[in-house]
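Let us walk through a protein model step by step. Keep the sequence and the 3D view side by side as you read.

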Amino acid sequence: MRPLPGAHPAGILLAAKWIVSFALLLAACAAGMGGASHAQTEQPAQVQALEQAEAIVCLTGGGPGAVTGPAPLQLKLPHYWDREFPGRDGTATYRLAFQYVPTGHDTPAFYLPRAANSFEMRLNGKLLAASGDLSAPAIHAGQRPLYVPVPEVMLRADNELVVTIAALSNGRGGLSRIEFGPGNVVRSHYDGALWFRVIGPLVIAAVSLLLAAISLLIWWRQRDPLFGLYALAEIAWAVSLAEFFLADTPLPRGAWQVIVLSSRAIFMVATAKFAFIIIDVRARWPGWAVNAYLWIKFPLIVLMASVLSLPYLKVADWGINVAIACCVAGALVWSALRRPNHERVVLAVALGLATALTAADFVRIWLTGDFYWDTALTKYVSLLFSLTMAWLLVDRYTRTTRMLADLNRDLDHKVAQKEQELHRLYAHSREVEREQATLRERGRIMRDMHDGLGSTLVGALSVLRSGQGSPAVLQEHLQHALDALKFSVDAMQDTGGDLAAVLGNLRYRLRARLEAARLRVDWQVERLPAAAGLTPQIVRELQYLLLEAFSNVMQHADSGVVQVVARSVGGEARGGGAILIEIRDDGCGFDVAAAVQGHGLANMRSRAAAIGGELSIDSSGRGTVVCLLLYPARWEAGETG
Amino acid sequence: MRSQNQSPAPEADIRVLLVEDDPATSARLQSALGSLPGIQVVAACAQRASACEWLDTQEPDVLLCDLGLPDGSGIDVIRHARRLHPRCDCMVITMFGDEANVLASIAAGATGYLLKDESDDNLRAFVLELRAGGSPMSPVIARKVITRLRSASAPGLPAPDAPGAQGAEVTLSARETEVLDLISRGYTYAETAGHLSISVHTVQAHIKNIYGKLAVNSRTEAVFEAHKLGLLKTL
């Protein structure tokens, strides 16, 4: 009888605080480490720890080392079934003697950290408590701590407690040491253990599943492997925790064990891969190592879950776990040191803490002999990773969002800038274009002045200088000069691409001259399609050409009627249509071949060619036909002018 | 195009007010018009202000007005004359190729125009024709009028006869569009009349109407613009 090591109150603290926050977890961890030594001094003296027991073990199923007969053993609790009889099922009956001194304060009670897998408890020959079927216990049953109040009437000064258990192999069966004392004190120990071993894992599993669901949803929409791995890790961990709060499962016990152990392996692998992505591991070997770990681990798990549950298999299992942890930790620390950023440092710190906690657990468990790791903090270590991973994800998400916003702003800015540049460029090119157009137009007008008005005035001047020109000749010269000027001005009128209006205006200007020549005009100008490319230059060329034709009729043809026909030919299509202009007289005609120079025909041809038209002149004794075919589509395409 | 002067023999001479700032042109026009029987140049002004002053007290039969006056535009004089003397015919004296200004003058109320380089014979014919109700119309101006008074129908084609279809906007009737279309293609008034099987008089009446529509249109446009600018509170 001695005061109990009091890890359990610290456990309560731990369970609560670890869930609350990461920082408190660290503090609580330290408290957990030192808790045992402090607690011993504060332990109330009324509580007895029942450790010495006389046990009768009965193994079922035969096999080596079977203890069949009632050969009592003296042993010290706790009695770990899996350590004493690995791979075997069986029952054991423990007899414990203790004394009772009534205090009158409180109802006495028993606290049993473990009586697994099913048990029956008799005090002084009377049944006190029982759980499960002794002949067919449930796997993982009896993992919960037990609190058994004792009616004072059942107690004597010297008492005998008989506990019978039925244990399954790999079921963490056995009997822990038993506490007996005042109800309120014992109850607090019981509560601490319940929180630490059952409720804590349950809460963590629930939180893990919730986080996993959120993460899975994000992964489903975004296919970001980080979220997928995180969800996988959380689910795996929640499953692996199930053994702490699920007493019975619908699955065969081997399969259940495989699932629990596999999910732990999957948690490790998912965490490792998550870490590799975060730290941006470029080397191949960490990935291979993790895959190899999975390939080794699965057969091992199956082996361990089967009957061949041997201690050295467990050692191998742990060895592999430690190896992969070291491998991942090495990669993390290496990258954190070589290319430090806060993500890598945080991961490395989390891993370092986890490693430290696990190592501390090892040492502590080794010192206290807690074979079933009931007091181990390791089951909470994953919380460290979960929180770290969650924080990293949130951090990345926020950074990405912020980056996106920055990028958008930047893009907007750039687009605005480009737009401005384009506007400037456009304005500049417009300016250049306008200048060029002005220059072109100026050149055209100057040429026009020289060719038309200038040459006529020069002619008039030379007639005047020669002294031979009669006033009539001079008047004719000047009239021509004025006409040339009028045509130049007319060519600049905007007629909206209406060739008919150009022809109409030509007739309007020639009206006086035609009347003077006593030429009757048979005018047949039809409505013509608008020619978008009709520039002043084209109009001017056309005027010169037609003027030449009219002059020929007036001066040489000796004709009474001039017929002018204009109509569109060659289909309705805008692009393919041509415009036909015919000037026909009934005069004496001339030899087209011989009179090229004299009638300015070469001039007419070159002007027709300049505006992309086709000129044909047909002359006979009955008259002359000047036929001009124009293609407005060519003007629009910019082939002429 | 220059049809026979059909006006009844005038009892009195046609009283002409000449507004022209170029002394040479003024002198030429005065002598050319003054020498003609039936036409009397009653005054010659060289400035917008003096012309308006003269118009305030007297009424001419015909106003011959240059556009580029030293103290303003001849268009103002025309507007002034039209307001004071609705029976007065206004003619613009213009250089060839100044169709834009001619249109503006018509919009201000002018009913004809005179080219500075016309022969003296033509000058007289024009003035008499104008008094008789005829108005000149060159192909280029016809083209521009079609564009300006474009009706709702397809451009260049006879418009449906639906006056006032667009509220206050003045549109050309189908027949008017036809007349303008033919003239813009170089047909004379007589040929136009033949094409449309109407008399030359009717053609001239159409032209006169078109002149009026241009003036009305310009007024409604001005009112519309003024309304838009908030110069008028109510229409």
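Start at Arg518(A), which is exposed, with 8 other C-beta atoms within 10 Å. Arg518(A) sits in the loop between H12 and S14 of chain A. Helices (H or I, at least four residues) and strands (E, at least two) are DSSP runs, numbered from the N terminus. The phi of Arg518(A) is positive, about 55°, although the residue is not a glycine.

A word on the model itself. It is predicted, so local features need pLDDT of at least 70 and side-chain atom pairs count only at pLDDT 80 or more, while totals for chains, interfaces and linings use all residues. Residues are numbered from 1 along each chain as its sequence is written, and chains are lettered from A and ligands numbered from 1 in the order in which they are written.

Now look at backbone angles elsewhere. Most residues other than glycine have a negative phi, and most peptide bonds are trans. Arg223(A) has a positive phi of about 55° and is not a glycine. Its loop runs between helix H4 (183–222) and helix H5 (225–245) of chain A. Arg223(A) is exposed, with 9 other C-beta atoms within 10 Å. Asp558(A), which follows H13(A), also has a positive phi, near 55°.

Which peptide bonds are cis? The bond from Leu77(A) to Pro78(A) is cis, with omega near 5°. Pro78(A) lies in the loop between strand S3 (73–76) and strand S4 (79–80) of chain A. Ala116(A) and Asn117(A) are also joined by a cis bond, with omega about 5°. Find Asn117(A) in the loop between strand S7 (115–116) and strand S8 (118–123) of chain A.

Next comes helix H13 (residues 536–557) of chain A. H13(A) is mostly covered, with 17 of its 22 residues buried.

Where do the chains meet? The contact takes 18 residues from chain A and 16 residues from chain B. Two residues are in contact if their C-beta atoms, placed from the backbone, lie within 7 Å. On the side of chain A, two or more residues each come from helix H11 (471–491), helix H12 (499–516) and strand S14 (520–525). H12(A) gives the most, with seven residues.

Turn to chain B. It has nine helices and seven strands. Of its 235 residues, 42% count as buried.

Two of its helices pack together. Helix H6 (residues 139–148) and helix H7 (residues 174–184) of chain B pack at an angle of about 140°, with their axes 7 Å apart. Axes are lines fitted to C-alpha atoms, for helices over the stretch in contact, and angles run from 0 to 180 degrees between N-to-C directions. H6(B) and H7(B) are therefore oblique to each other: angles under 35 degrees count as roughly parallel, over 145 as roughly antiparallel, 65 to 115 as roughly perpendicular and the rest as oblique. Among the residues that meet are Ala142(B) and Val145(B) in H6(B), and Leu180(B) and Ile183(B) in H7(B).

Terms used: A residue is buried if 20 or more other C-beta atoms lie within 10 Å of its own, exposed if 12 or fewer, and partly exposed in between; C-beta atoms are placed from the backbone.
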